[in-house]
Amino acid sequence: MSETTEQTYRVVLVDDHAIFRSGLRADLAADLQIVGEAGSVEQAIEVIERERPDVVLLDVHLPGGRGGGGAEVLASCAHLFSQTKFLALSVSDSAQDVVLVIRSGARGYVTKSVSGQEISDAVRRVAGGDAVFSPRLAGFVLDAFGSSVASGQIDEQLDLLTDRELQVMRLIARGYSYKEVAKELFISIKTVESHVSNVLRKLQLSNRHELTRWAVERKIL
Amino acid sequence: MATPEQRKFIVRSENRFIAGVCGGLAEHLNVPVSYVRLAFLALSALGGVGLLLYGWLWVFTPSADETQADELRSWGAKNRTLAEEMARVQQGLFSGRENAVSLSRWRDALIGAGLLALAVLALGQWAGWNFRWDLIWPVIGILGGILLAWMQIDRSAVQPDRKINATLVIRLALGLVLVVGGLLAILSGTVAVADLLGGFWAALAIIAGAVVVLLPWGAKLWRDYLAERSNRQATAQRAEFAAHLHDSVLQTLAVIQKRSEEPAAVRTLARVQERELRQWLYGEQHLDAEDVVVEIQNEAESIEQLMLRDIDVVAVGNGQGFAGQQALVAASREAMMNAAKHAEGKISVYVECSPAQVEVFIRDRGAGFDLGSIPEDRHGVRESILGRMERAGGAARIRSGQDGTEVQLSMPRGTEQEEQRAS
């Protein structure tokens, strides 16, 4: 698909449904080498510590541990973030799940219903250090950051999206791929990727009060 | 929001010394609490009118807790999401509102009876009966003390895990002093003071012993009760889930098995079921059925079922009741229908509601078409999308290329009334 197909990535699959794991195993592209699987929080932490993979495909809802699911795995593996990237997977695309795992450190989010091809692309993108935004995640970001009402304690670096970032988010929410966004805005794909990465960082670090209020409304915090 | 100063209904406030009547009245009349309290004291000194008024208000006004419980109850009528249910169970809201209701009924009856008794006594006195007021006052003191102490159950039951605060302790102590004082006053008529004092210490020792022995039992009983109650709630929830899963998911699975030779049908069935289940579990129930977002989602769903296609709807914000809403939803439906009929691949719908306007983008991955090449007599795009939007005061744009087609709809968001005034 992309120019970097020569490189193989080591992937760990974390999902409590064996049927889904075997389906995904069959669906993933050949350059993605699955080095381990896990079905619970404890197993996941153990396998990730042992294998140190490039990418972990992490189910949001996992049994075991203290009941924290995928977010708990992320919290326990935070020291590996520089080496191992996490891509969250879930059947649900509810706001709770998405925001929780992203704020816990996942680099992207895809729903389980997308094709093996799309998941493979997302894995490569995450492995390359970029963020993966689904249309829905872009919608959440716009929802949370969208209101332009400035309040007293806004940290410009973290709490506001630039106009360009807003444009990129809106196009992604409209179903555009990164390539199409780049074409639409007359910028390079690399630039789109860096905008998306910036938005991800803001989403993870901002304590913008709208984000908090929005999270509280949806019973996330 | 607070520009027209709205007078609040009298609700017995949380800020209270006895039952929160003064606080509630102060909020209602918008005067400082201390004035109201002073007024009540003065009225009480004038032949007990204040006391009667206080009692009367106490019985007939709801407390803040109860009002909250009422709100929760009406809220409870609505369908809750799983997450909300779980949160509610954790917060123990169920217990709170049940206790508040049962206790308040109890208390109303008690206070009513007390006031009635007082009235009968006063009437009797006035009629010339000779009462032993030296006995009646202590009895009233005891009853008042008991009431004051029991009232605290109300408070601590509503917030079981809240730390015991100072006012609660003071009120409890006051109640205890009233009761003990009243008892002593009655007994002092028949028993010598020195004996009383000795008896007092003996009683204290006995009580202390009993408490030490019985405390662990009491605590265990309480814990068992709590566990039992949360079990019961969990069981009820499980039953509800099971009923729902049976009604929808199991039925669909049965149909899927029967029609397993038709991949398209199976796919649609699975998709529809997934949507329904997801709606039930995590649904956006904070939105009205009238909301433009919900309406477009419903249209997308019906087209999915009709055309066996996948449509992803992403929405930002929400809005309803603007003039062009119907036209916007109808045009969106038409655009989604066209995409489903003519284009392959994924269909993405994005709805953005800003304060000024509502925009809808319908994107497909089809081969694209040239708007100019559509014959004049074909109504689909020109009439149902472009014409419809323009007549309703909105705008529609169609971009079509080799990457697919995107229909862009926008509708200004004045309310119906504003539109009428403007025209």
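Author: Two strands pair if DSSP finds at least two bridges between them. This is a predicted model.

Reader: What makes strand 3 and strand 4 of chain A a pair?

Author: The cut-off is at least two bridges. Strand 3 (residues 55-59) and strand 4 (residues 85-90) of chain A have 5 bridges, in the parallel sense. So they count as paired.

Reader: Which residue does A:Leu58 stand opposite?

Author: A:Leu58 faces A:Ala88, in strand 4 of chain A.

Reader: What is the strand order in the open sheet of chain A?

Author: The order of the 5 strands is 2-1-3-4-5, and the pairing is parallel. Strand 2 (32-38) and strand 5 (108-111) of chain A are called edge strands: each pairs on one side only. From one strand to the next, the twist averages 25°.

Reader: Why is helix 8 of chain A called roughly perpendicular to helix 10 of chain A?

Author: Helix 8 (residues 163-173) and helix 10 (residues 189-205) of chain A pack at about 100°, with axes 10 Å apart. Angles of 65 to 115 degrees count as roughly perpendicular. The angle falls in that range, so the label holds.

Reader: Which residues of the two helices meet?

Author: On helix 8 of chain A, they include A:Val168 and A:Met169; on helix 10 of chain A, A:Val192 and A:His195 are among them. By class, this contact has 5 nonpolar, 2 polar and 2 charged residues.

Reader: How do you know that helix 12 of chain B is mostly covered?

Author: A residue is buried if 20 or more other C-beta atoms lie within 10 Å of its own. In helix 12 of chain B, 13 of 18 residues are buried.

Reader: How does the reach of helix 12 of chain B compare with the span expected?

Author: Helix 12 (residues 325-342) of chain B reaches 26 Å from its first C-alpha to its last, close to the 26 Å expected at 1.5 Å a residue.

Technical notes. Residues are numbered from 1 along each chain as its sequence is written. Chains are lettered from A and ligands numbered from 1 in the order in which they are written. This is a predicted model: local features need pLDDT of at least 70, side-chain atom pairs count only at pLDDT 80 or more; totals for chains, interfaces and linings use all residues. Helices (H or I, at least four residues) and strands (E, at least two) are DSSP runs, numbered from the N terminus. Axes are lines fitted to C-alpha atoms, for helices over the stretch in contact, and angles run from 0 to 180 degrees between N-to-C directions. Angles under 35 degrees count as roughly parallel, over 145 as roughly antiparallel, 65 to 115 as roughly perpendicular and the rest as oblique. Two residues are in contact if their C-beta atoms, placed from the backbone, lie within 7 Å. Ala, Val, Leu, Ile, Met, Phe, Trp, Tyr, Cys and Pro count as nonpolar, Asp, Glu, Lys and Arg as charged, and the others, Gly among them, as polar. The expected span of a helix is 1.5 Å times one less than its number of residues. A residue is buried if 20 or more other C-beta atoms lie within 10 Å of its own, exposed if 12 or fewer, and partly exposed in between; C-beta atoms are placed from the backbone.
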